[in-house]
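Here's a walk through one model, from the inside of the fold out to its charged pairs. Have the sequence and the structure open as you read.

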Amino acid sequence: MQPTAVTRDRIEELLKSNSWYYWLDNDGDLGGQWCDNTFSFMLRGDSKEVLIITGRYHTPLTMDQLSLVRAHIVDWHRDKLWPKCYHRIDDGGRMRVFTEVSLAHDRGVTDDQLMDHISCALSTSNQFFDTLTEALRS
């Protein structure tokens, strides 16, 4: 199969082919839940050639957990290439933890390559979230 442009329709077909539940948000981006964590599939760039898959940890955290979360992210990044991990603090003082895997597909991608990208983002993000859960329990 020849590489072709990444489109929302192609991503949606791959999600359907795996019987994965998903939704379409108000911005037209696909989203879904895996292992209770929420993921978004966004196409960005001048030609919508960059697929960005973000994950959000299932539970907001409190500011007293900030040092632990920061240390865990640093430890993860020391040993792992994917996903990029970060946190944000909202106006109410709650912390959310996110992951991100971004790849530019400016020359197109096959369905197998696209599925590998999606699977990698979901699995590595959920691995990070699992290790975060364990760190929070300690």
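Let's settle burial first: a residue is buried when its relative accessible area is under 20%, exposed when it is over 50%, and partly exposed in between, using a 1.4 Å probe and protein chains only. This is a predicted model, so local features need pLDDT of at least 70 and side-chain atom pairs count only at pLDDT 80 or more, while totals for chains, interfaces and linings use all residues. Residues are numbered from 1 along each chain as its sequence is written, and side-chain values use heavy atoms, with hydrogens and water left out.

**The core**

A nonpolar core here is a set of buried Ala, Val, Leu, Ile, Met, Phe, Trp, Tyr and Cys residues joined through side-chain atoms within 4.5 Å. The largest one has 31 residues, and I11, F41, V97, L114, I118 and F128 are those with the most contacts inside it. Two or more residues come from each of α1 (8-17), β2 (30-34), β3 (37-44), β4 (50-56), α2 (66-79), β6 (95-104) and α3 (111-137). The top contributor is α3, with eight residues. Helices (H or I, at least four residues) and strands (E, at least two) are DSSP runs, numbered from the N terminus.

What does L114 touch once its neighbours within four places in sequence are set aside? Its contacts are V6, R10, I11, L14, L51 and V109, where contact means heavy atoms within 4.5 Å.

Over in α1, the buried residues are R10, I11, E12, L14 and L15. They pack against β2, β3, β4 and α3. After α1 comes S19, with a positive phi near 55°.

Leaving out residues up to four places away in sequence, A5 touches R10 and G108. A5 also lies 7.4 Å from D106, C-alpha to C-alpha, although the two are 101 residues apart in sequence.

Two strands count as paired if DSSP finds at least two bridges between them. β5 (residues 84-89) and β6 pair in the antiparallel sense over six bridges.

**Salt bridges**

How many salt bridges are there? The count is seven, taking a salt bridge as a side-chain nitrogen of Lys or Arg within 4 Å of a carboxyl oxygen of Asp or Glu. Here are some of them, with N to O distances:

| Pair | N to O distance |
|---|---|
| K84 and E100 | 3.3 Å |
| R94 and D90 | 3.2 Å |
| R137 and E134 | 2.9 Å |

K84 is in strand β5 and E100 in strand β6, so their pairing ties together parts that are 16 residues apart in sequence. K84 is partly exposed at 42% relative accessible area, whereas E100 is buried at 18%.

For the R94 and D90 pair, R94 is partly exposed at 48%, and D90 is partly exposed at 30%.

R137 and E134 are three residues apart in helix α3, a separation of about one helical turn. R137 is exposed, at 62% relative accessibility, while E134 is partly exposed, at 45%.
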